[in-house]
Amino acid sequence: MNRTQPLVLGIESSCDETGVGIVRGTTLLTNTVSSSMDEHVRFGGVIPEIASRAHLDAFVPTLEQALSDAGVALDDVDAIAVTSGPGLAGALMVGVCAAKALAVATGKPLYAINHLVAHVGVGLLDGAGGGRHNGKAPQLPENLGALLVSGGHTEILRINSITEDVQLLGSTIDDAAGEAYDKVARILGLGYPGGPAIDKVARTGNPKSIRFPRGLSQPKYMGTAEEPGRHRYDWSFSGLKTAVARCVEQFEARGEEIPVADIAAAFQEAVVDVISSKAVLACRENGIKDVLLGGGVAANSRLRELTGQRCASAGIRLHVPPLDLCTDNGAMVAALGAQLVMAGVEPSGIRFAPDSSMPVTSVSLPA
């Protein structure tokens, strides 16, 4: 196997995107994604059974397209990497079974990797996290953090080693930020997916018109730097969602027109305010000087703007990969797989099972 510039095929199927990416070392050859989002719109959210069926239908065409776009054959691949968790159990099973079948058929080593850590690994692709330096392949900065914000996850991580040492500093204790966006968009009649809809409407609203709660930001949860509270770096968005629903009900009870743009703007401000403030706090108190923003909600304009402002004020460098690499994709899986191969990590084999609640501290599954 080529361990210096390995050609790695990555498979992603944790939610509603069927992704196949191919990288050579840190060079991205192709990032092919087939989304089933349109099939979930009328339900206002992802339906696991529909997502699983869509993965079954889309996998072979997506794989064939990726190989064609990259100009390589399966025989050329040095290793296969697949998301083994976290994610929807049925959706993960489709990708894992497909990867195992390919590994058995081709005799290629198989790496079962963590979806969340892969969001960080994508920053190592040429041009995704700062590009090459003096002609050398990209390197993740020392003292690196990662802020992952998506429909299923809201987490702040410390990356001591992308291949073996990832630490969870804080996470949501209930709804993820993207999930809260979807639920609030439904309340406001804005449709699905909620993130882009609210972001667009919020631009014409007044974010200061209503003061919505910032979950887990009270002193009893925060504590101090010397005696940190239990949820100092954690988030909660379920109370915010309820506050929006109560606000809408009050306008309706009074027979008044619902100020959708103002509510959307105030809700979004509450979300990005508490996410960015806690993320920067975690970085400052843990010596983190660089932070990578990833996940589907990284596409939110206000989140990028406010996080960028607060990071700059704190002397922290913010890195945001291209938006098509922030959302779920096979390229990030291949990128982390390539890092594991280059670090000499042994493959996982084919006896592992997907883990829908795989902890972020497990970068990959051992053989």
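## What lines the largest pocket

Let's start with the lining of the largest pocket, whose residues divide into twelve nonpolar, 15 polar and eight charged. Here Ala, Val, Leu, Ile, Met, Phe, Trp, Tyr, Cys and Pro count as nonpolar, Asp, Glu, Lys and Arg as charged, and the others, including Gly, as polar. The model is a predicted one: local features need pLDDT of at least 70 and side-chain atom pairs pLDDT 80 or more, while totals for chains, interfaces and linings use all residues. Residues are numbered from 1 along each chain as its sequence is written, and side-chain values use heavy atoms, with hydrogens and water left out.

The largest pocket holds about 930 Å³ of space. Of its 35 lining residues, Ser150, Gly151, Gly152, Asp182 and Tyr192 are the closest to its centre. A pocket is an open set of points on a 1 Å grid over the protein atoms alone, where a 1.4 Å probe fits and protein lies on both sides within 12 Å along at least five of seven lines; lining residues have an atom within 4 Å of a point. The volume is the space filled by probe spheres set on the points, which are joined across faces, edges and corners.

Which helices each supply at least two residues of the lining? They are H5 (177-187) and H6 (194-202), and H5 gives the largest share, six residues. Helices (H or I, at least four residues) and strands (E, at least two) are DSSP runs, numbered from the N terminus.

H5 and H6 pack at an angle of about 65°, with their axes 8 Å apart. Axes are lines fitted to C-alpha atoms, for helices over the stretch in contact, and angles run from 0 to 180 degrees between N-to-C directions. In H5, Tyr181, Asp182, Val184 and Ala185 meet Gly194, Gly195 and Ile198 of H6, where contact means heavy atoms within 4.5 Å. The residues of this contact divide into four nonpolar, two polar and one charged.

## The sheet and its helices

Elsewhere, five strands form an open, mixed sheet in the order S3-S2-S1-S4-S5; two strands pair if DSSP finds at least two bridges between them. S3 (27-35) and S5 (110-114) are the edge strands, each pairing on one side only. From one strand to the next, the twist averages 20°. S1 (residues 7-12) and S2 (residues 17-24) pair in the antiparallel sense over six bridges, and Leu9 stands opposite Ile22 in S2.

Helix H3 (residues 89-106) lies across S1, S4 (79-85) and S5, at about 160° to S4. Helix H12 (residues 330-342) lies across S1, S2, S3, S4 and S5, at about 135° to S1.
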